Protein chains: 2
Amino acid sequence: MSSTAVTIFFDVNETLSDLSPVADAFDKIGAGREVASAWFASVLRDGFALTATNGTAHFLDIAQTNARDTLRGRSLTASLDESVDAILAAFSSMPLHDDVAPGIRSLHAAGHRLFTLSNGPTTTAERLFATAELSGLLTGMLSVEGHTPWKPGRTAYLDAVERTNTGGIAYLVAVHPWDIHGATEAGLSTIWVNRAAAAYPEHFHPPTFSVTSIGAIDSQLVQRH
Amino acid sequence: MSSTAVTIFFDVNETLSDLSPVADAFDKIGAGREVASAWFASVLRDGFALTATNGTAHFLDIAQTNARDTLRGRSLTASLDESVDAILAAFSSMPLHDDVAPGIRSLHAAGHRLFTLSNGPTTTAERLFATAELSGLLTGMLSVEGHTPWKPGRTAYLDAVERTNTGGIAYLVAVHPWDIHGATEAGLSTIWVNRAAAAYPEHFHPPTFSVTSIGAIDSQLVQRH
């Protein structure tokens with residue numbers, strides 16, 4: 001059984017990559033694992049604030065500035081500079097979640113067009129897929145940088161559709177409900193990856209469908225198209 | 001020495017109110033104080049995501065949903081429902097920072113028009129000022145709810161200026177750099193309250209001037225107007 005080929009845009013940070021090494025890094029420098037969530041939420045908060053004012057946001061700049069702000073004044077096992085560097089280094093060396101490689105392989109085998117679409121630089125996705133020896137399975141890797149404000153602003157998705165000459169059905173795959181919301185606003189279909197049995201927040205548009213792993217997407221598409 | 005009367009809009013949460021009882025509440029239910037920052041950043045993150053897509057966001061709804069999401073799966077000293085209620089109760093009973101009352105009194109005595117302008121409901125500011133017996137010193141208390149998307153969207157500030165018939169100089173006072181950024185985009189002057197000797201992030205427009213307490217604003221205005 002084969003499904004109609006569609007275009008799929010994958011969010012990158014946390015959707016494909018596993019953020020736990022960043023939590024490990026916060027723990028190792030003495031700040032504690034919990035601080036990783038506060039830091040990552042603050043990076044998105046500030047990027048979205050700039051998006052809401054049609055401003056330009058550079059993911060890694062905000063990540064660095066906010067790591068410094070989060071760590072300042074804490075009792076750390078290294079200097080503030082070294083600690084910030086350790087967080088950024090961990091962020092730049094995250095692995096793919098275990099379910100990503102089998103999922104990407106089956107979606108590629110089914111003939112779907114696969115892209116990444118990140119608020120961060122394309123270098124992150126390039127490294128992730130090169131390390132996992134999966135680069136050849138992607139049609140392309142996209143960042144909003146240099147093109148539009150961040151997701152979840154509508155233009156980020158519309159520009160990605162245009163840049164990839166997507167004429168048919170397009171899906172956005174993400175773990176973040178705010179990404180599902182923005183893609184829905186832009187007219188895309190959406191797939192929410194819910195690895196942790198979370199509840200979907202009522203304040204955002206719901207996804208077209210949900211999965212518990214990237215590997216479960218292909219069979220869902222077969223049923224639907 | 002008297003200064004020219006200006007209009008001043010005060011952000012509410014964290015700028016006027018002290019969030020530490022919320023951190024105490026997270027600690028008391030067994031989640032730990034650090035989780036308070038992650039939770040509050042996630043509330044702003046989601047509200048800004050809705051703002052970036054011109055959507056409507058209700059502060060207390062997002063606060064409740066995200067408290068539940070943040071606490072789910074943790075080892076807590078009470079049920080999930082009771083824990084979420086405890087966080088919201090703490091959020092609804094925050095006191096003013098110690099420097100607010102003397103600052104508000106001196107600015108009122110100098111003849112300035114004083115408003116609150118919050119992404120949350122006006123009831124929060126009303127309670128804060130009633131408890132401190134300062135309500136009579138404010139010209140009005142404003143929320144974006146029912147009017148515009150959240151700050152830092154430009155329309156939130158422009159609508160506040162219009163609703164208060166502000167013709168002359170208008171300042172936005174906030175601890176949050178994203179608020180300073182949005183107000184600047186809307187053409188207001190800005191005052192950054194930096195109680196914790198933080199560094200101002202380069203990714204946002206800088207404030208017109210900074211103070212370490214609300215009490216220090218009046219003398220700065222005397223010098224400038």
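**View 1. Strands β5(B) and β6(B) pair in the parallel sense.** Look for I191(B), which stands opposite F209(B) in β6(B). This is a predicted model, in which local features need pLDDT of at least 70, side-chain atom pairs count only at pLDDT 80 or more, and totals for chains, interfaces and linings use all residues. Residues are numbered from 1 along each chain as its sequence is written, while chains are lettered from A and ligands numbered from 1 in the order in which they are written.

**View 2. Strand β5(B) also pairs with β4(B).** Here β4 (residues 170-174) of chain B runs in the parallel sense, over 4 bridges, and L172(B) stands opposite T190(B). Together with helix α8(B), residues 177-185, the two strands make a right-handed β-α-β unit (with the strands pointing away from the viewer, the path from the first strand over the helix to the second runs clockwise). Because 4 of the 5 residues of β5(B) (189-193) are buried, this strand is largely enclosed by the rest of the structure.

**View 3. Helix α4(B) has a buried side and an exposed face.** S83(B), V84(B), A86(B), I87(B), A90(B) and F91(B) are buried (20 or more other C-beta atoms, placed from the backbone, within 10 Å of a residue's own; exposed means 12 or fewer).

Definitions and conventions:
Pairing = 2+ DSSP bridges.
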